[in-house]
Amino acid sequence: MKKTKENMRTVFIPRLSKNDDSLFVAVNGKRILVKKGETVELPAPFAEVIENSVKAGEQAENFIASVTNVN
């Protein structure tokens with residue numbers, strides 16, 4: 001995978017705890033370790049996986065909130 005500016009994206013992954021310092025990401029057999037708590041440049045496929053994961057987590061939280069707040 002060539003690392004040209006066109007296929008790189010900026011990503012920030014917040015740290016959730018003191019010991020939460022990195023995230024392992026794999027795409028099609030290629031893998032990277034992303035540092036949390038810093039803005040990093042990643043190849044677009046890895047950034048997309050992280051963005052999709054964040055969106056899925058938000059949807060899960062919204063669903064749980066909607067189910068538990070039933071009157």
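Is Lys 36 buried or exposed? Lys 36 is buried, at a relative accessible area of 12%. The points below concern a predicted model.

1. Lys 36 and Asp 20. The side chains of these two residues form a salt bridge, with an N to O distance of 2.8 Å. Lys 36 belongs to the loop between strand 3 and strand 4, and Asp 20 to the loop between strand 1 and strand 2, so the pair ties together parts that are 16 residues apart in sequence. Asp 20 is buried as well, because its relative accessible area of 16% falls under the 20% limit.

2. Further surroundings of Asp 20. The loop that holds Asp 20 runs between strand 1 (8–12) and strand 2 (22–27). A polar atom of the Asp 20 side chain also lies 2.9 Å from the backbone nitrogen of Leu 16. Leaving aside residues up to four places away in sequence, Asp 20 touches Pro 14, Arg 15 and Lys 36.

3. Arg 9 and Glu 51. The structure holds two salt bridges, and one of them joins the side chains of Arg 9 and Glu 51 at 2.3 Å, N to O. Arg 9 lies in strand 1 and Glu 51 in helix 1, so this pair ties together parts that are 42 residues apart in sequence. Both residues are partly exposed: Arg 9 has a relative accessibility of 31%, and Glu 51 has a relative accessible area of 30%.

4. Leu 42. This residue is found in strand 4 (residues 39–43) and is buried, with a relative accessible area of 6%. Not counting residues up to four places away in sequence, Leu 42 touches Asn 7, Met 8, Arg 9, Val 11, Ile 32, Val 34, Ala 47 and Ile 50. The C-alpha atoms of Leu 42 and Asn 52, ten residues apart along the chain, are separated by 14 Å.

5. Strands 2 and 3. These strands run antiparallel and are joined by six bridges, strand 3 covering residues 30–35.

6. Nonpolar surface. Phe 63, Ile 64 and Val 67 make a nonpolar surface patch of about 310 Å². Val 67 lies in helix 1 (residues 44–68) and counts as partly exposed, at 45% relative accessibility.

Terms used
Residues numbered from 1 in each chain as written. Predicted model: local features only at pLDDT ≥ 70, side-chain atom pairs only at ≥ 80, totals over all residues. Heavy atoms only, no water. Helix = DSSP H or I, 4+ residues; strand = E, 2+ residues; numbered from the N terminus. Buried < 20%, exposed > 50% of the residue type's maximum accessible area, 1.4 Å probe, protein only. Contact = heavy atoms within 4.5 Å. Patch = residues over 30% accessible without salt bridge, like charges linked within 9 Å, V, L, I, M, F, W, Y side chains within 5 Å. Areas by Shrake-Rupley, 256 points an atom, 1.4 Å probe, with all protein chains shown as cover. Salt bridge = Lys/Arg side-chain N within 4 Å of Asp/Glu carboxyl O. Polar contact = N/O pair within 3.5 Å; in protein donor to acceptor, adjacent residues only side chain to side chain. Pairing = 2+ DSSP bridges.
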